[in-house]
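Open the model in a viewer and keep the sequence panel beside it. The stops below go from one selection to the next.

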Amino acid sequence: MARKKHDGIGIAIVVLNVLIVGVIITLCVLIYLYMSGKLEQTNVANLGQETQMTAELTTTAITTLVPETTTTTAAPETTADFEITDETEETTADDTIVATEADIYDEEFFANDLFIGDSIATGLFNYGYFSAEQVFAKVGLNPESALTDTIDNETVIAKAERLKPKRIYIMLGSNGLAYMGNTYMSQQMKVLVEELQKASPDSYIYMLSIPPVTKEHDSQGQETMVMVNGYNKLLKDLADEIGVVYLDLCSELQDSTGYFSDKYAEADGMHFLGTAYKKMLSFIEKTIQG
Amino acid sequence: MIKMKKRILAAILAAACMSASACSNEPAQTTTAASTAEDVQTAASVSEITAEVLKEVPINSAVEKTKDDIQDYFTGMDVDKITDASFYLCASGAYPDEIGVFEFAAEADAESGADAVSKHIERQYDTFSSYTPDEMYKFDGVSAVVSGKYVYYLITSDNEKAREVIQKYIP
């Protein structure tokens, strides 16, 4: 009987050891799962809820501020699931700029200069080539409106008077091609230059040709290369007349067929890709320095 | 003696079970909470949120601007009250598209920040309405949305889809 009791205790010890080993293995598995990130995936899947809990966010106001238009667009279904990794590597400002060609320009060369232009020139600021202080550019600006429109409550004439820039570059006219008439625009350009000369007599003023349009944009008829070339011819004549320098940027951006090169053209066939600004600055600097 | 051994074994077994139980629950809960906080801080930065939206709803010539650029684009915005900011725009100036997310220090700051964002949206609407009439559908239903300490706005070709993406991070 005593031997049987002894065997019973032995079995209990074995069972206990098995249990302890089991517990240790379970612990190891749990630790491994956590360290390998498998548990974290559960957290990621619930990120939206967790964000809400952690950040204690509550939607407090949604106000429609802009009148609605009647046009709508088809919305393709979203199928991609949320992923944390690599999501910032595909679309950054740097990507856009890094993709440009190797046109070289010296930032110092332009350090005391002022650019005047329309939405195309806003890219000089938006891409970070120059500060807002060095660019007077506005969507829709033309040689006429440039005389009176303000940015931060300051006209371009007042800005030139305040900054007294070393050089002033003007690239205006693309917006008026469709409806203002080339002759009227060139007359307004003359007024603008004269006002700028009064405001900042020591500034060198450069009149840039307006850029070309792509073949596709041309075919739509609103702004065509015939219009562009006609206006640029008037600008060149005006520059000769009033003694400022005309810079033929248009030719620099054309392809072999005379249209805006795809290498430089935005999808609308009129605005600039980031590559075009480098090309423009490089061209200006090289031309002025001779 | 045998009873004593049994009691000792039972005590050891109970202790082992309690230990195992504690190891498999409490630390896991703590780790989950800790990793949750970490995930929110890293995965839900405003820059990552806007990038995620941009991936789903692309913008031509997209360039990201940050807190340092706010004063050049958002008149009246108090930059000192902003913790972090990221907004994309069409740098070529051809299209009105923008995606912006701002994180403020406090919810009250977000409310006042939303006013500046609203004025910016109105200006963009006025600017582009005569310039690119075919693009104005992108302003349909556009507003400055306040959500806790966050303010966001979307002027894109597919605002509904963009909103779905952004709401994965900001309810």
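**Stop 1: a loop residue**

B:Ala91 is in the loop between E2 and E3 of chain B; helices (H or I, at least four residues) and strands (E, at least two) are DSSP runs, numbered from the N terminus. Because B:Ala91 has 29 C-beta neighbours inside 10 Å, B:Ala91 counts as buried. A residue is buried if 20 or more other C-beta atoms, placed from the backbone, lie within 10 Å of its own, exposed if 12 or fewer, and partly exposed in between.

Residues are numbered from 1 along each chain as its sequence is written, while chains are lettered from A and ligands numbered from 1 in the order in which they are written.

**Stop 2: chain B as a whole**

The average for chain B is 82, and 75% of the residues score at least 70. The model scores ipTM 0.74 and pTM 0.70. Residues 15-42 of chain B stay under 50, and the model has 26 contacts beyond four places in sequence for them. Where pLDDT is low, the predicted coordinates should not be read in detail.

Switch to cartoon: chain B has five helices and five strands, in the order α-α-β-α-β-β-α-β-β-α along the sequence. Of its 171 residues, 44% count as buried.

**Stop 3: strand E5**

Select residues 150-155 of chain B, strand E5. Why is E5(B) largely enclosed by the rest of the structure? Six of its six residues are buried, so the strand is largely enclosed. B:Tyr150, B:Tyr152 and B:Leu154 are buried on one side, and B:Val151, B:Tyr153 and B:Ile155 are buried on the other.

Show the neighbouring strands next; two strands pair if DSSP finds at least two bridges between them. E3(B) and E5(B) run antiparallel and are joined by six bridges, with B:Leu154 as the bridge partner of B:Ile99. Strand E4 (residues 143-147) of chain B is also antiparallel to E5(B), through three bridges, and here B:Ser147 stands opposite B:Tyr150. Two residues lie between the strands of this hairpin, where B:Gly148 takes a positive phi near 60 degrees.

**Stop 4: helix H2**

Select residues 46-56 of chain B, helix H2. Its buried residues are B:Val46, B:Ile49, B:Thr50, B:Ala51, B:Glu52, B:Val53 and B:Leu54. Their cover includes strands E1 (62-66), E2 (82-90) and E3 (98-104) and helix H5 (159-166) of chain B.

The axes of H2(B) and H5(B) come within 9 Å and cross at roughly 145 degrees; axes are lines fitted to C-alpha atoms over the stretch in contact, and angles run from 0 to 180 degrees between N-to-C directions. B:Ile49, B:Glu52, B:Val53 and B:Glu56 of H2(B) meet B:Lys161, B:Ala162, B:Val165 and B:Ile166 of H5(B).

Terms used:
Predicted model: local features only at pLDDT ≥ 70, side-chain atom pairs only at ≥ 80, totals over all residues. Contact = placed C-beta atoms within 7 Å. pLDDT = per-residue confidence, 0-100.
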